[in-house]
Amino acid sequence: MSLDLPRPGTLRHDEVVPARAPWMHRVDAGETLRIIDLEGNQAVDFLMYAADDDAERYSAQDTIAAQRNIFLREGAVLLSNEARAMMTITATSVAYHDTIGGACSCESNTLRYGHHTKAQHSCVDNFLDANTRAGRGKRDMVSNINFFMNVPVEADGTLGIVDGISAPGLTVELRAEMDVIVVVSNCPQINNPCNGFNPTPVRMQVIG
């Protein structure tokens with residue numbers, strides 16, 4: 001798939017986010033954020049805050065309750081903790097995206113994979129790195145979206161983290177319904193298959 005498919009509007013920002021790195025950018029109402037999985041099987045952890053008042057931020061609970069589904073598909077509206085529309089998934093090359101797998105941290109890595117992983121970089125580290133630049137801290141982190149990540153739920157309620165459902169060049173596109181600040185962790189996890197045990201870069205485009 002081409003990474004430069006024509007889209008209405010102007011390409012306002014185009015950046016490759018290295019493997020394991022954070023990214024933060026403003027997306028204004030009406031603009032589209034396009035996330036491109038460059039090499040495939042890469043999880044992209046995602047938070048967002050209202051640009052005018054970051055006390056309003058993405059709410060997994062409100063989003064899940066409103067759509068009555070834990071997976072995000074084309075047409076899903078991402079709601080804030082004030083139940084307002086923040087972004088809408090307008091197109092996606094994969095069937096669904098995860099809302100419940102959370103962000104890896106040194107604590108969760110240690111619990112799941114052993115004490116030797118404690119010093120490994122994590123999505124929580126990335127979120128804190130980006131948010132600190134905007135004056136936000138750990139208390140401002142909420143449950144995140146995991147684009148391209150595959151977290152199946154078994155009949156007994158057990159969660160799995162398995163190989164991602166993406167492939168090189170696949171995308172997800174989100175239209176901003178309000179001015180938002182998007183914060184991304186290009187997931188550094190190497191202990192489970194969410195990145196194929198090999199984190200890779202992603203490309204972020206903002207189209208006006």
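Let's start with G135, which is exposed at a relative accessible area of 69%; here exposed means over 50%, buried under 20% and partly exposed in between, with a 1.4 Å probe and protein chains only. Keep in mind that this is a predicted model, where local features need pLDDT of at least 70, side-chain atom pairs count only at pLDDT 80 or more, and totals for chains, interfaces and linings use all residues. Residues are numbered from 1 along each chain as its sequence is written, and side-chain values use heavy atoms, leaving out hydrogens and water.

G135 sits in the loop between α3 (123-133) and β7 (145-147). Helices (H or I, at least four residues) and strands (E, at least two) are DSSP runs numbered from the N terminus.

Now follow β7 into its sheet. Four strands make an open, antiparallel sheet in the order β2-β9-β4-β7, where pairing requires at least two DSSP bridges between two strands. β2 (22-27) and β7 are at the edges with a single partner strand each, so one side of each has no neighbour in the sheet. Six bridges join β2 to the antiparallel β9 (residues 180-186), and H25 has V182 in β9 as its bridge partner.

What about the cysteines? The structure holds zero disulfides, a disulfide being a pair of cysteine sulfur atoms within 2.5 Å. The sulfur of C106 is too far for a bond, because the closest cysteine sulfur, in C104, is 9.9 Å away. C194 is in no disulfide either, with the nearest cysteine sulfur, that of C187, 4.2 Å away. C106 is buried at 18% relative accessible area, and C194 is buried at 2%.
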